[in-house]
Amino acid sequence: FPFPYTPYRIQEQFMEALYSALETGRVGIFESPTGTGKSLSLICGALSWLRDWEEKRRQEEARLLALGASGQDGLTPEQARPGSADTAGEPDWVTAFVQKKEERDMVDKLKEEQIRRKKREDRLEKIRHNVQLKYAAKRKRCEEDEAKRLLQLSKEALSQGPGEGVLDQLDHSEEELILAEYESDDEKKVVSGLEEDDDDLEEEHVTKIYYCSRTHSQLSQFVHEVQKSPFGKDTRLVSLGSRQNLCVNEEVRRLGALQLINDRCMEMQKNKHEKKSDEENEGKKRRVSRTVCPFYSYEQMQFLRDEVLVEVKDIEQLVSLGRETKACPYYGSRFAIPAAQLVVLPYQMLLHEPTRNAAGIKLKDQVVIIDEAHNLIDTITCIHSAEVSGSQLCCAHSQLSQYMERYRKRLKAKNLMYIKQILYLLERFVAMLGGNVIQNPGCQAVSQTGTVLKSINDFLFQSQIDNINLFKVQRYCEKSLISRKLFGFVERYGGPASVVKTNKENQKVAGLQNFLLTLQQGSDKEGDPPMEAEHDHLRTASPLMQIEGFLSALTNANQDGRVILNRQGTVGQSSLKFLLLNPAVHFAKVVEQCRAVIIAGGTMQPVADFREQLLCCAGVDPARIVEFTCGHVIPPENILPIILCSGPSNQQLEFTYQTRDLPQMMDETGRILCNLCNVIPGGVVCFFPSYEYEKQVYGHWEKTGLLSRLAAKKKIFQEPKKANQVEQVLVEYAKCIKRCSQTGGQMTGALLLSVVGGKMSEGINFSDDLGRCVIMVGMPYPNIKSPELQEKMTWLDKTMPRAAGQAPSRVLIENLCMKAVNQSIGRAIRHQKDFASILLLDHRYARPAIFNKLPQWIRERTQVKPAFGSAFADLRKVRTCILCAA
């Protein structure tokens, strides 16, 4: 395998296993700890396979084309002999003719593909080496800008003339003297140097790899790894993202909210398509000009597509190129998908079928690699679940009623029928929450509060909407774009800033304003954000769009989901939520269509969830599933994982819900930390099961004076609940550790109190001195009293077989706990020369069922310590090693 440096042995094993999985069309679960060069192994292994696959395809094509050129039809003498019949009863000459026609068709298709490929390669080669071509494109853009500027000046001059009324006074005989709208034929042509029919030649999707990860920054990091790899110069790579990340139209970007950006973009596109027909039909009547996006230029997006394919670019570079070329990166990047060899995208875009189709992603016979896939099941569940509040339902009902009243005479019968159906659905949904749509949801108290779960069918019957075809309503919403129309209507008439004349036609619209204002006033009384903020929320919420997602969710099969009625205080605060129980139904389409699927991550243990809940439920043959896990590149002595069963005063460590609140348990935890902070230099990260427990322990330590003892050795930091404060805390934490290591003295570093599942348990690196010891207090089991989790447990017990005598629900709880633990303790070792100790404070970690769910590279080196003394002695040795290394 080509590699930028001599690979570790585990990297070679990873690439060999990956190559084999892609070659044989498997579904692979691959685990490679952070710091072992997983991204580079994925790149070099997968692109090596793709290069070899393309070479085999070319050789096969050449062989078939040669056969076609020589006139051979591949028939055996027996088949060619007339008069004989095959087993199906058809004469052999018929079979031979059909076979020969199929071969001819295949040869013709291969010839077409060769022409396409040759044209594409020639075009990209021209762009790669012909600097003049780039200047030609730039010059053309400058000419267009100048032409637009002059055209605008002309329009302004006209508007300052005698006025539009004069035009109407013109004689009919004079009208023929007025110049028609002019569009030069040359303006339609592409940049000189490229053949005109190049862009008209539709390309088929070449075999490609779709690489998905969770966040924008992880994708950018992956693209930079590709750029540094031996494949960086020759790979056609395209990065996909949301409009929020890729839009270069400042006017649209300023809208901020993703939904608003999407709506405005779609509206501008529609304006562009309608502009020409409007101008043709307008006659004497002058219409109000509608805004079109200056970056949505077909020619410039084609140019951007080629630039993207010529050289590997991440999203930031793509946006810069879009600004420079005055082309939309969001759509330009999509034009590049068919010819790309590697498509990099967020995995929400790939896992949601409507988004996938809208982006032009075709999975048939392609390869999908899902990286950072440890929470893949949760991601699929979240993408396909939906929640709507009572205030959203009432707001949408009011908006839609006002819309229907205003345009009733202009709407066709079918439109009215569907609008009435949607209004009825909204009425029934609010009724299920115990309210009435015509009253302010913030003022309607709910008589029976609490949470109720229902099957989809029960919900449909009890809400009396089982007679409505939700599939047809959903299709109507998609095709008619009703939520966008309604949003535009509210934008125009719904805001307090809008001036609505009180004539007969729009007196009814004033009712919408009044309703929105009462919503805002009701919210203010309950201590919500002030009126301006609430108004912005209403403008950006686009409630009908959210409700469409809920209607779509209700079309799932009855057994695959549940509806949760959450009645709280008022109707406005109450909500309806659809919970997806079976994520496999949505993942099935991915594994069915793809040639191979690789699910990869730094910590994939325990993998049973992926195998059983996701793959087997999706109908994947167990023989097609392959698992690969590798060790770490660090030497064994660089990590010291310890399961501690009791503390310094011999108090057994068992942090159950019943015992963890006891003062003696919190005191014992404090003593352990005091002892560790005395001997471990640098940073110590301590994870608690929840924010509430961390706060409780911190308060207890304050009262007993233990906190001041801890603070004498380590400056104490707490993980903030707000995401925007995390960065500041981490910066201060790092600065403190650096300062202490340089100045010496009594203070030896810092202690960071964190929370499992919080902002610092995933995606944050506590490498080197930032994390010389990671402590896990207790076992972070999820809250089994949660209605959602209870329903999931019940569903698993009904649908899954028992594993090793354990109920599937029990296995789920343990797996959720250990996934969270593994993510948190994996924060410490981040590269080959890093070293740290890991302390698991609970004797239950030593139980075989739990112990075996630790990552293999940690499990192999873990020691179980019944008493604190021997554990403390080992930790002192580690401290000596650290000081020697320093």
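In what order do the strands of the open four-stranded sheet run, and is the pairing parallel or antiparallel? The order is 6-9-8-7, and the pairing is antiparallel. Strands here are DSSP runs of E with at least two residues, and helices are runs of H or I with at least four, numbered from the N terminus; two strands pair if DSSP finds at least two bridges between them.

Before you click on, note that this is a predicted model, in which local features need pLDDT of at least 70, side-chain atom pairs count only at pLDDT 80 or more, and totals for chains, interfaces and linings use all residues. Residues are numbered from 1 along each chain as its sequence is written, and side-chain values use heavy atoms, leaving out hydrogens and water.

**First stop: the antiparallel sheet**

Select 386–389 (strand 6) and 450–455 (strand 7): these are the edges, and each has a single partner strand, so one side of each has no neighbour in the sheet. From one strand to the next, the twist averages 15° (axes are lines fitted to C-alpha atoms, for helices over the stretch in contact, with angles from 0 to 180 degrees between N-to-C directions).

Zoom in on Glu387 to find its bridge partner in strand 9, Lys577. Next, show residues 390–407: this is helix 18, lying across strands 6 and 9 at about 70° to strand 6. Contact means heavy atoms within 4.5 Å.
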